[in-house]
Amino acid sequence: LYDNQIEALEGLDDGDDGKPGTTLRVLDMSYNVIRDMEPVQLCPNLEELYLANNKLKVISGLTRLKKLRKIDLGANRIRVMPEEELSGLENLEELWLGKNKIESIGGLDKLTKLRRLDVQANRLTRVENLTAQIDTLEELYLAHNGIDDEGASCETGLALNFTALNTIDMSRNRLKSTRPFAHLLALEELWLSGNSIQTFDDVQHISVLGTRDGA
């Protein structure tokens with residue numbers, strides 16, 4: 001049902017015993033025109049949910065989906081990461097929210113297995129509220145936001161001593177230095193193109209650090 005003109009999540013519990021919703025492990029309805037995701041609550045066994053490129057304004061219907069490992073809600077119109085929806089997702093490993101209208105990172109306090117977080121191309125000015133991911137977060141994608149040096153140095157954000165964080169993309173932000181990353185010794189890839197950085201001296205001591213073209 002990917003890439004159609006579907007306007008609503010319908011028919012998820014039309015069959016016997018709540019089927020097909022109760023049997024679904026993966027649901028991909030990206031590239032449609034869905035405005036309400038609340039019916040996903042009818043799929044308690046979902047492990048992967050893809051609703052990217054729709055017309056969603058609110059994250060909903062997730063509170064009972066305890067088995068979810070991956071969510072992609074990129075390219076919608078979402079403004080808030082609601083704790084009441086996200087806090088029960090104790091097995092979530094990947095959360096993709098790029099190309100929305102989110103102004104702050106939140107709702108992640110109970111997501112202690114989260115490994116990949118994508119909030120690029122939103123309206124962020126600070127990196128914060130990542131304390132629960134200090135030992136699990138591996139990849140963080142925050143390109144195309146409005147984050148400056150101060151916003152990248154928050155105590156509950158990149159100032160934490162992440163033990164597994166190996167990839168950061170903060171291209172196209174408002175950074176003037178690499179100081180916010182100097183203590184992140186597990187970093188392998190740091191993408192910073194399109195900022196106002198004049199020197200990379202602060203991260204030269206990270207011996208495993210690599211770059212990609214344009215970094």
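**Questions about a predicted model**

Student: Is Cys43 buried or exposed?
Tutor: In this predicted model, the relative accessibility of Cys43 comes to 0%. A residue needs to be under 20% relative accessible area to count as buried, and therefore Cys43, at 0%, is buried.

Student: Why does Cys154 count as buried?
Tutor: The cut-off for a buried residue is under 20% relative accessible area. Cys154 falls in that class because its relative accessible area is 7%.

Student: How many disulfides does a search of the whole structure find?
Tutor: A disulfide requires a pair of cysteine sulfur atoms within 2.5 Å. When the whole structure is searched for disulfides, the number found is zero.

Student: Where is Ser171 found, and which side chain makes a polar contact with its side chain?
Tutor: Ser171 sits in the loop that runs between β7 (167-169) and β8 (189-191), and Ser171 is buried because its relative accessibility is 4%. The side chain of Ser171 makes a polar contact, at 2.8 Å, with the side chain of Asp169.

Student: Which residues touch the most other members of the largest nonpolar core?
Tutor: The largest nonpolar core has 56 residues. Those that touch the most other members are Leu51, Leu62, Leu108, Leu158, Met170 and Phe181.

Student: Where is the place of Phe181, and which residues does Phe181 touch beyond four places away in sequence?
Tutor: Phe181 lies in the loop between β7 and β8, and Phe181 is buried, since its relative accessible area is 0%. Leaving out residues up to four places away in sequence, Phe181 touches Leu158, Ile168, Met170, Leu175, Leu187, Leu190, Leu192, Val203 and Ile206.

Student: What distance separates the C-alpha atoms of Phe181 and Glu38?
Tutor: Along the chain, Phe181 and Glu38 are 143 residues apart.

Student: Which residues is Leu51 in contact with, leaving aside neighbours within four places in sequence?
Tutor: Leu51 is among the residues that touch the most other members of the largest nonpolar core. With neighbours within four places in sequence set aside, the residues in contact with Leu51 are Leu9, Met29, Ser30, Ile34, Met37, Val40, Leu56, Asp72, Leu73 and Asn76.

Student: What value is phi of Asn53 near?
Tutor: Most residues other than glycine have a negative phi. Asn53, in the loop between β2 (48-50) and β3 (70-72), is partly exposed because its relative accessible area is 27%. Its phi is positive, at a value near 55 degrees.

Student: Where is Ala75 found?
Tutor: Ala75 has a positive phi near 55 degrees. Ala75 is located in the loop between β3 and α1 (83-86).

Definitions and conventions
Residues are numbered from 1 along each chain as its sequence is written. This is a predicted model: local features need pLDDT of at least 70, side-chain atom pairs count only at pLDDT 80 or more; totals for chains, interfaces and linings use all residues. Side-chain values use heavy atoms; hydrogens and water are left out. Helices (H or I, at least four residues) and strands (E, at least two) are DSSP runs, numbered from the N terminus. Buried means under 20% relative accessible area, exposed over 50%, partly exposed in between (1.4 Å probe, protein chains only). A polar contact is a pair of N or O atoms within 3.5 Å; within protein, one must be able to donate a hydrogen and the other to accept it, and residues adjacent in sequence count only if both atoms are side-chain atoms. Contact means heavy atoms within 4.5 Å. A nonpolar core is a set of buried Ala, Val, Leu, Ile, Met, Phe, Trp, Tyr and Cys residues joined through side-chain atoms within 4.5 Å.
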